[in-house]
Amino acid sequence: MSTMMIIGGTDGLGRFIAQRHADRGGTVVIAGRDADRAETVAKEIAPTALGLGLDLSRPETIAASAAGVPALDHLVVTASHQRPNTLRDFDIAEAITAVTTKLVGYAEAVRVLRERFTPEASVVLFGGLAKERPYPGSTVITTFNAAVTGLVKTLAVEIAPHRVNALHPGLVGDSPRWRDADLGTLAERTPIGRLITMDEIADATGFLLRNGGMNGHDLVVDGGFLTR
């Protein structure tokens, strides 16, 4: 079976994707900012899973942090630093951390880990629907998620023949972040009459990782939310 590394795999969608891969017999490497938490989560997912500390907001440390990573068939990066930030109350330190994590950190992680890629290895980077639908406080979030599109296109050229794609989820109704929130109005705006699920995001991630024809693409998984 294949080996998948998930940066941002200690919680939320990253952990769900990691658990699914392990349940199907694959090997999992979990990376997160807190090494102890990453190791704990890894052992909860599977006895053979590996956990390590890796902080995308400090890209200069990524190479040393990833020194023990084995050969990889898949790389999934879900990690982000999302804090509300508007021009009126602009927090420069938060903005720098967010952009560094999502763009410099993502790029450096791919650069460092490329030497561990097996011949058929592929990459999925997570963006978000805010790139298309800004909301109050999303100034930085909208900007870096839109920039993921450009990053994926250049990475697809630079690390060819390895494939790189982006996945942009809508609101994931059963995710830890949203499952206790009142999102009824948003669900009604979706043609399918509900929010998307973690299972659907995991399926979409698997598709991008496996399908050899998908490269340099943005895949929006939103249940049709953007049609309205």
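1. **His21 in helix α1.** In this predicted model, His21 sits in helix α1, which spans residues 12-23. Its relative accessibility is 10%, so His21 counts as buried; the cut-off for that is under 20%. Beyond its neighbours within four places in sequence, His21 contacts Ser2, Thr3, Met4, Gly26, Thr27, Val28 and His74.

2. Arg15 pairs with Glu44 in a salt bridge, and their closest N and O atoms are 2.7 Å apart. Arg15 belongs to helix α1 and Glu44 to helix α2; the pair links distant parts of the chain, 29 residues apart. Arg15 is partly exposed, at a relative accessible area of 25%. Glu44 also counts as partly exposed, at 49%.

3. Arg20 forms a salt bridge with Asp203, with 2.4 Å between the closest N and O atoms. Asp203 lies in helix α7 (residues 198-210) and Arg20 in helix α1, so this pair ties together parts 183 residues apart in sequence. Arg20 has 15% and counts as buried. Arg20 and Asp203 also belong to a network of salt bridges with Asp199.

4. **A pair of sequence neighbours, and the count.** Arg116 forms a salt bridge with Glu115, the closest N and O atoms being 3.1 Å apart. Arg116 is buried, with a relative accessible area of 14%. Glu115 is exposed, at 67%. The count of salt bridges comes to 8.

5. **Helix α2 and its two sides.** Helix α2 covers residues 35-45, and its buried residues are Ala38, Val41, Ala42 and Ile45. Viewed down the helix axis, the buried residues of α2 fall within an arc of 105 degrees, so they line one face. The face turned away from that buried side carries exposed Asp36 and Lys43. Among the elements covering the buried residues of α2 are α1, β2 (27-32) and β3 (50-53).

6. **The nonpolar cores.** The largest nonpolar core holds 58 residues. Met5, Ile7 and Leu125 have the most contacts inside it. A second, separate core has 6 residues, including Ala95, Ala130, Ile141 and Phe144. In soluble globular proteins, nonpolar side chains tend to be buried together.

7. **Leu125 up close.** Which residues does Leu125 touch, not counting those up to four places away in sequence? The list runs to Val77, Tyr106, Val110, Val148, Leu151, Val152, Leu155, Val164, Asn165, Ala166 and Leu167.

8. **A nonpolar surface patch.** Leu87, Phe90, Ile92 and Ile96 form a nonpolar patch on the surface. Together they have about 440 Å² of accessible area. Leu87 is in the loop between β4 (72-77) and α4 (92-113). Leu87 has a relative accessible area of 67%, so it is exposed; the cut-off for exposed is over 50%.

9. **His162 in a loop.** His162 is found between α5 (139-158) and β6 (163-169), in the loop. Is His162 buried or exposed? At 10% relative accessibility, His162 counts as buried. Leaving out residues up to four places away in sequence, His162 touches Phe117, Thr118, Pro119, Ala121, Ala156 and Asn215. Phe117 is 45 residues from His162 in sequence, yet the C-alpha to C-alpha distance is 8.3 Å.

Terms used. Residues numbered from 1 in each chain as written. Predicted model: local features only at pLDDT ≥ 70, side-chain atom pairs only at ≥ 80, totals over all residues. Heavy atoms only, no water. Core = buried A, V, L, I, M, F, W, Y, C linked by side-chain atoms within 4.5 Å. Buried < 20%, exposed > 50% of the residue type's maximum accessible area, 1.4 Å probe, protein only. Contact = heavy atoms within 4.5 Å. Helix = DSSP H or I, 4+ residues; strand = E, 2+ residues; numbered from the N terminus. Patch = residues over 30% accessible without salt bridge, like charges linked within 9 Å, V, L, I, M, F, W, Y side chains within 5 Å. Areas by Shrake-Rupley, 256 points an atom, 1.4 Å probe, with all protein chains shown as cover. Salt bridge = Lys/Arg side-chain N within 4 Å of Asp/Glu carboxyl O. Arc of directions from axis to C-beta.
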